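Biologist: I would like to learn how to read a structure, one feature at a time. Could we begin with pairs of charged side chains?

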Amino acid sequence: GGVAPGRFGGFSERAQAHRAMLERADSWLWETKVRFHEQAVFCGLWTLVLLVGIHTLQTLRSILEPLIWAFFLMMGLLPLCDLIECVLIRVLAAMPSCCYVGCGSKDELRAEADVLERQYSGLTGADRKKSRQVMSAPTAQEAQAHEEEDGESEASSAAISGEEKGSCGCIRMIAVSLTIVIFLGFALLIVGMVYKSASHMQSVWPHYEEGAQRIMSRFTALREKVPADVADKVAEKTLGTMEEILSFLVGTIFEHIASMLFEILMTLLYMIFWLCQPVFVGERVTALFKQYILLKTFASSMYGFSIYLLLLGLGVDLAIVFGFVAFLFNFVPEVGTIAAMILPLPVILFDGRLERPLLNLALALCGQFVLKFIFANIIEVKLVERQNDFRMHPVTILFFVAAFGCIWGATGMLVSVPVVAAAKAASEVMPPLYRDAFLVFLEGDKEAPARFRRRTGGA
């Protein structure tokens, strides 16, 4: 008896299909293993780089801290310095030619003033081109005029950058000197304000002693209910802790006063030389830091002034000092604002002139929380966080504030947001596989990669 050949033919086809399926499964498994090993090696290498980098930054903290403070201050003062230099150059160009011998021709001075005006206003040639792309398409004549304008601005920038065609360096030195004088005058004004507030506190100190006695009398009934030995131990422990904290603060200040003065001197020197001849650190990084500092300064100024008006309306001493502290601490996201809220509470609580100190304390605390909510969730969102590079989830911001604070203390907290924003801006060069995960981590939104691709027009 013969066997039908179709039977073996069907079996052969099924075997071939099964073999092809196994090959596809093996190929998929191999690709998965390769991709896993690539990602594991990538994560391992960057974890090693991160750990070594953190250790290096902690080791070089005393060297890098003055440089970072100088960079932060320089980015805030550079637009003012450019504005002063622009005004000086325009005034010089309007004078007779004998007054600016050796500083170039009148056209060169005007071209330099135009470049400086674009610098302090934050409007570079690239920014103008980008803004035109967002607007409607121009006509052929307008496009040619824009190209000629950009070419002239770039040519003027290149012309003033060379030493052989540069203007007189004394103009920049005068502008830097005036900027430093304004900065030091503002610092002296703050010192005088603090000194005047301290003198006022010294004159009204008996009222705070009266307030302390009043608080102690209110706790008399509670103290009578507690055993005498327990109350004495609590009081002794509290006084001992306060004495230790005070001695630690005084000892730390006197112990590190020499290093503090050295760091302040180095910061001023770094800032002066940086203003005289700014170091190129990349247009994107420079623009990010300038934008963040200016917008954050504006928002913090309004917040500090609002805190001052609130505490002044409640009759709190040192209202102007607490307003300035709120302005400074607002540069540290979330943590600094909460710390600034707590500082006025002891002054309110121990003021003997207040008939209802607890009510004033509650009003001050609630008012500060309301102001924080308004500025942090409405005003700063409109000013700062509407910029794509500064859009980050609050939990991510707190994480980086804590991480940078662990490395560099207050300096790290101050620069945490702009540094992470610069890293986010640099993510354009990362492969999409890693960039998308990085953006989702920063913004806490799975739609972040899609927004990034729409904004950049990339893949």
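Biologist: Which side chain meets that of Asp436 in a salt bridge?

Modeller: Start with the general idea: side chains of opposite charge can pair when their charged atoms come close. A salt bridge here is a side-chain nitrogen of Lys or Arg within 4 Å of a carboxyl oxygen of Asp or Glu. In this case Asp436 meets Arg435, with 3.9 Å from N to O. Please remember that this is a predicted model, where local features need pLDDT of at least 70 and side-chain atom pairs count only at pLDDT 80 or more, while totals for chains, interfaces and linings use all residues. Residues are numbered from 1 along each chain as its sequence is written, and side-chain values use heavy atoms, with hydrogens and water left out.

Biologist: Is Arg435 buried or exposed?

Modeller: We call a residue buried under 20% relative accessible area, exposed over 50%, and partly exposed in between (1.4 Å probe, protein chains only). Arg435 is buried, because its relative accessible area is 6%.

Biologist: How many salt bridges does the structure hold?

Modeller: There are 10. Another of them joins Asp445 to Arg451, at 2.9 Å from N to O. Asp445 has 27% relative accessibility, so this residue counts as partly exposed. Salt bridges with shared partners link Lys424, Glu443, Asp445 and Arg451 into one network.

Biologist: Which residue forms a salt bridge with Glu65?

Modeller: The partner is Arg61, and the closest N and O atoms are 3.2 Å apart. Helices (H or I, at least four residues) and strands (E, at least two) are DSSP runs, numbered from the N terminus. Both Glu65 and Arg61 belong to helix H2 (residues 61-93), four residues apart, or about one turn of the helix. Glu65 counts as buried because its relative accessibility is 10%, whereas Arg61, at 31%, is partly exposed.

Biologist: Now for contacts. Which residues does Ile171 touch?

Modeller: A contact means heavy atoms within 4.5 Å. Setting aside residues up to four places away in sequence, Ile171 touches Glu85, Leu88, Ile89 and Leu92. Ile171 sits in helix H6 (residues 169-203) and is buried, with a relative accessible area of 6%. For a sense of folding, Ile171 and Ile84 are 87 residues apart in sequence, yet 9.4 Å apart in space from C-alpha to C-alpha.

Biologist: And where is the place of Ser300?

Modeller: Look in helix H11 (residues 283-313). At 0% relative accessibility, Ser300 is buried. Its side chain reaches the backbone oxygen of Lys296 at 2.8 Å. Beyond four places in sequence, Ser300 touches Phe327, Asn330 and Phe331.

Biologist: Where is Asp351 found?

Modeller: Asp351 lies in the loop between helix H14 (344-349) and helix H15 (357-385). Its relative accessible area is 2%, so Asp351 is buried. Leaving aside neighbours within four places in sequence, Asp351 is in contact with several residues, among them His207, Tyr208 and Arg214.

Biologist: Can you show me how helices pack? Which helix do the buried residues of H19 pack against?

Modeller: They pack against helix H18 (432-443). In helix H19 (residues 448-456), the buried residues include Ala448, Pro449 and Phe452.

Biologist: What about backbone angles? What phi does Leu318 have?

Modeller: Leu318 has a positive phi of about 60 degrees, although it is not a glycine. Leu318 is in the loop between H11 and H12, and is buried at 18% relative accessible area.

Biologist: Finally, confidence. Where in the chain is it lowest, and where is it highest?

Modeller: The score is pLDDT, the predictor's confidence in each residue, from 0 to 100. Where pLDDT is low, the predicted coordinates should not be read in detail. Confidence is lowest in helix H4 (residues 125-134), with a mean of 40, and highest in helix H12 (residues 319-329), at 89. The chain averages 74, and 70% of the residues score at least 70.

Biologist: Over which residues does pLDDT stay under 50?

Modeller: One such stretch is residues 123-140, where the model has 14 contacts beyond four places in sequence. Another is residues 146-167, with 24 such contacts.

Methods: Polar contact = N/O pair within 3.5 Å; in protein donor to acceptor, adjacent residues only side chain to side chain.
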